[in-house]
Amino acid sequence: MANWPKKLIRNFGNKLGLAWWAKIETEHPSGTYWFGPFITKRSLKENIPSFINDLSDEGSKNIKHSLVRCKKEEPLTV
């Protein structure tokens, strides 16, 4: 319940194209995953290792990532 202001700010920032996202691409299986939105680049950087570890634990190989400031909507997995 206490997180609703942060969620509201994140969603508003995303609508304006100011939110930070991680674009993570894997080769095996081939896919693109988007994680976000984050209010700050620093908070995104702090959370990237857990995202990458989750994908690695699921068997993904050759994982590459980039940080993107943009407006992103569904689909978050391509």
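Author: Start with helix α1, which has 13 residues. From its first C-alpha to its last, α1 reaches 18 Å. That is close to the 18 Å expected at 1.5 Å a residue (the expected span is 1.5 Å times one less than the number of residues). Helices here are DSSP runs of H or I with at least four residues, strands are runs of E with at least two, and both are numbered from the N terminus.

This is a predicted model: local features need pLDDT of at least 70, side-chain atom pairs count only at pLDDT 80 or more, and totals for chains, interfaces and linings use all residues. Residues are numbered from 1 along each chain as its sequence is written, and side-chain values use heavy atoms, with hydrogens and water left out.

Now look at N14. This residue is found in α1, which covers residues 4–16. N14 has a relative accessible area of 9%, so it counts as buried (buried is under 20%, exposed over 50%, partly exposed in between, with a 1.4 Å probe and protein chains only). What does N14 touch, not counting residues up to four places away in sequence? The list is A19, W21, P37, C70, K71 and K72 (contact means heavy atoms within 4.5 Å).

Follow the chain onward. Just after α1, G17 takes a positive phi of about 80 degrees. Strand β1 spans residues 20–27. Six bridges join β1 to β3, and the two run antiparallel (strands pair if DSSP finds at least two bridges between them). A22 stands opposite L67 in β3.

Step back to the sheet. Three strands form an open sheet in the order β2-β1-β3, with antiparallel pairing. The edge strands are β2 (30–38) and β3 (64–69), each pairing on one side only.

One more helix belongs in this picture. Helix α2, residues 41–57, lies across β1, β2 and β3. It runs at about 25 degrees to β1 (axes are lines fitted to C-alpha atoms, for helices over the stretch in contact, and angles run from 0 to 180 degrees between N-to-C directions).
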